[in-house]
Amino acid sequence: MSETNGNLISLKNLKVYYDLGGGGFLSKLTGGSGERRVVKAVDGVTFDIKEGETLGLVGESGCGKSTLGKALLRLTKITGGKAVYRGQDIASLTTTEMREQRKHLQMIFQDPYASLNPRMTVGNIVGEPIRTFGLANGGSVENKVRDLMETVGLSARFIKRYPHEFSGGQRQRIGIARALAVDPEFIVADEPISALDVSIQAQIMNLMNDLQKEKNLTYLFISHDLRAVRHVSDRVAVMYLGEIVELAEGTDIYENPLHPYSKALISAVPVPDPEVEAERERVILTGDVPSPINPPSGCRFHTRCAYAINECKTTEPKLVEIKPRHYSSCIRISPEQPNIDEIS
Amino acid sequence: MSNKNGTILSVNDLRTYFQTDDGVVKAVDGISFELKKGETLGIVGESGSGKSVTNLSVMRLIPEPPGKIVNGDIIFDGIDVLKLPIEEVRHLRGKRIAMIFQDPMTSLNPFLKISTQLMEVTQLHLGHSKAEAYKHAIEMLRTVGIPAPEKRIDNYPHEFSGGMRQRVMIAMALSCEPELLIADEPTTALDVTIQAQILELIKNLKSDLGTSVILITHDLGVVAGMTEKIIVMYAGKVFEAAPTAELFSSPANPYTKGLLKSVPDPAHEEGTDLYQIPGLPPDVVRLPDGCPFAERCERAEDICSRDFPPFIQINENHHSLCHFAKEVHAESMEEREKV
């Protein structure tokens, strides 16, 4: 119904706030600040996810990347803005309508130990969504589960086993099989490999890659591991304190990051090569990520930014196209002068 | 007497076994390594490879039962740690050998102020008075880069962020200027930007205080920039031991090669498949007779699943546990030249 331009998901000024309360009569009485405390976990995010692509979302803990992922599936309440999936605004759907949409929108979680019910067999874990959505019944459920298990590289003879009988990598495969059970179009993968061993991480990344090609899936791949994100993503968005500060194609963002935060983030990743490590200069950020309850004024990164000037404290930067298809939000750079290191 | 070649720690044929319901787990099975003064050793391995148990053994922190150090020597600065009465081991711990763990939240007592926890160390080991210990604690927090330490010192652990808690842990570990610092996955729970800060901190402390460091990690990127030599562990064994530069440039073990190749390289084209080591790490209760990696190894031959591989010397400091270590090493050299 609306013009989609090959976009499967479009976020427009999406906001997710958590109200921590306070600010009332009682809090003043008990010595509180008298201000209402609101966590602006996602604060005005706008981007599109194209059909069949993997969009990587990186950022430090507390930047709001997981909240953003959950908001897309309405696993958390959307405070403002729009999240449009195939012309429908997810934020305005009723609960029943949203349930129907979950067939198309699925999630893979970080911790394969915590996200699977320990009292259910693999067959039931993977079969549950099939039954819930009435996609099959009776014996055909089990057949479908067996197929799914083989698809994700698990032997179907494990169908009666419980999660504790599997290793971390195998459990993550179960999580993927469950997400695939309803034949979704879009999957939010929230740190799907962080809890796994190095040799297993590669297996899961390759599996996700193969499944994408086979089933034309679209992924939002959320991770703090920049190497992994770079490997699996077509485009990468960098998030800081609830906002997107840079968005570009994977190669561009890694070889030529424009935003000071992206520069620091990428430079912080250790390279598995002693020669490179010995020579390169690292941008080391000072301090921690500030609290999202009262984020810094102006540019939220100015408190840790080596390039910050006075104006950064007051002016809120906007995400602008600095180079073709390369967006960055920093008032110090522009299409005319994209390189902050060349600005005196 | 022990300082003749500047060795601070030598571990010989260490074997630490655990008695479980399923049988004996040989968590560490014949590990040997040597650490010189001021040197940093990296221990790399996946979960269950025995890297943490190795270091818990050095600290004599193996819960007994079910665990037991069944064989080996651990010589720290001429002292045979395994023969020491436990009271004397306690005196080594925290004072001369200190350890930092992966998760700073679980290693700090949530009910005690940071000051109490930091002061305890120096009061116990250095005989500080309360006032001295308090002053020293503030100094330590300053050293590890906690802003306004005199204001933060009486805070509780939950009032610090993850990175700050890890700094507090490091401050505590370094309170008595230990000669050996064992860091077990010190940055795994932290964000990359904070990881960079902590690694830089450890590097600086090492050069300022001359501390020897054992850095345990699964991240090959972390050890690349931090260490002089590395041992790679798999299924309780040392699979490869080499100087850092050499391990990365010419690995002589298929497992090491696989690990190196399975790390995504940012320079790679997107959409290409990542190299993956097939299969799963072995069940440590039921290890095969042959090479424990044979099942997952792409160049395994019949001999590999039949006979346990020898620890082959490639050159003076480079060893590899593989029937075909020399061939693998030669292949690595060749591949290197092609690039």
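These legends describe close-up views of a predicted model.

Local features are described only where pLDDT is at least 70, side-chain atom pairs count only at pLDDT 80 or more, and totals for chains, interfaces and linings use all residues. Residues are numbered from 1 along each chain as its sequence is written, while chains are lettered from A and ligands numbered from 1 in the order in which they are written.

**View 1. Chain A meets chain B.**
Here 35 residues of chain A are in contact with 38 residues of chain B. Two residues are in contact if their C-beta atoms, placed from the backbone, lie within 7 Å. Five helices of chain A each supply at least two residues of the side that touches chain B: H7 (198–215), H8 (226–232), H9 (250–255), H10 (260–268) and H11 (274–279). Helices (H or I, at least four residues) and strands (E, at least two) are DSSP runs, numbered from the N terminus. H7(A) gives the most to this side, with seven residues. By type, the side of chain A that touches chain B has 16 nonpolar, 10 polar and nine charged residues. Ala, Val, Leu, Ile, Met, Phe, Trp, Tyr, Cys and Pro count as nonpolar; Asp, Glu, Lys and Arg count as charged; the others, Gly among them, count as polar.

**View 2. Helix H7 of chain A.**
H7(A) has 18 residues, which should span 26 Å at 1.5 Å a residue. Its end C-alpha atoms are 26 Å apart, which agrees. The expected span is 1.5 Å times one less than the number of residues. The buried residues of H7(A) include Val198(A), Ile200(A), Ile204(A), Met205(A) and Met208(A). A residue is buried if 20 or more other C-beta atoms lie within 10 Å of its own, exposed if 12 or fewer, and partly exposed in between; C-beta atoms are placed from the backbone. The cover over the buried residues of H7(A) includes H6 (168–180), E7 (186–190) and H8 of chain A, together with H11 (254–261) of chain B. Just after H7(A), Asn216(A) takes a positive phi of about 50°.

**View 3. Helix H11 of chain B.**
Seven of the eight residues of H11(B) are buried. Among them are Pro254(B), Tyr255(B), Lys257(B) and Leu260(B). What covers the buried residues of H11(B) includes H7 of chain A. From chain B, the cover includes H9 (220–226), E9, E10, H10 (244–249) and H13 (325–338).

**View 4. Two positive phi angles.**
Leu241(A) is not a glycine, yet its phi is positive, about 45°. Leu241(A) sits in the loop between E9 (235–240) and E10 (243–249) of chain A. It counts as buried because it has 23 C-beta neighbours inside 10 Å. In chain B, Ala235(B) has a positive phi near 50°. Ala235(B) lies in the loop between E9 (229–234) and E10 (237–243) of chain B. It counts as buried, with 23 C-beta neighbours inside 10 Å.

**View 5. Cis peptide bonds in chain B.**
The peptide bond from Glu64(B) to Pro65(B) is cis, with omega near -15°. A cis peptide bond also joins Pro65(B) and Pro66(B), with omega about 10°. Pro65(B) lies in the loop between H1 (51–58) and E4 (67–76) of chain B.

**View 6. Pro118 of chain A.**
Pro118(A) is in the loop between E6 (105–108) and H4 (122–132) of chain A. It is exposed because 10 other C-beta atoms lie within 10 Å. Not counting residues up to four places away in sequence, Pro118(A) touches Tyr162(A), Pro163(A) and His164(A).
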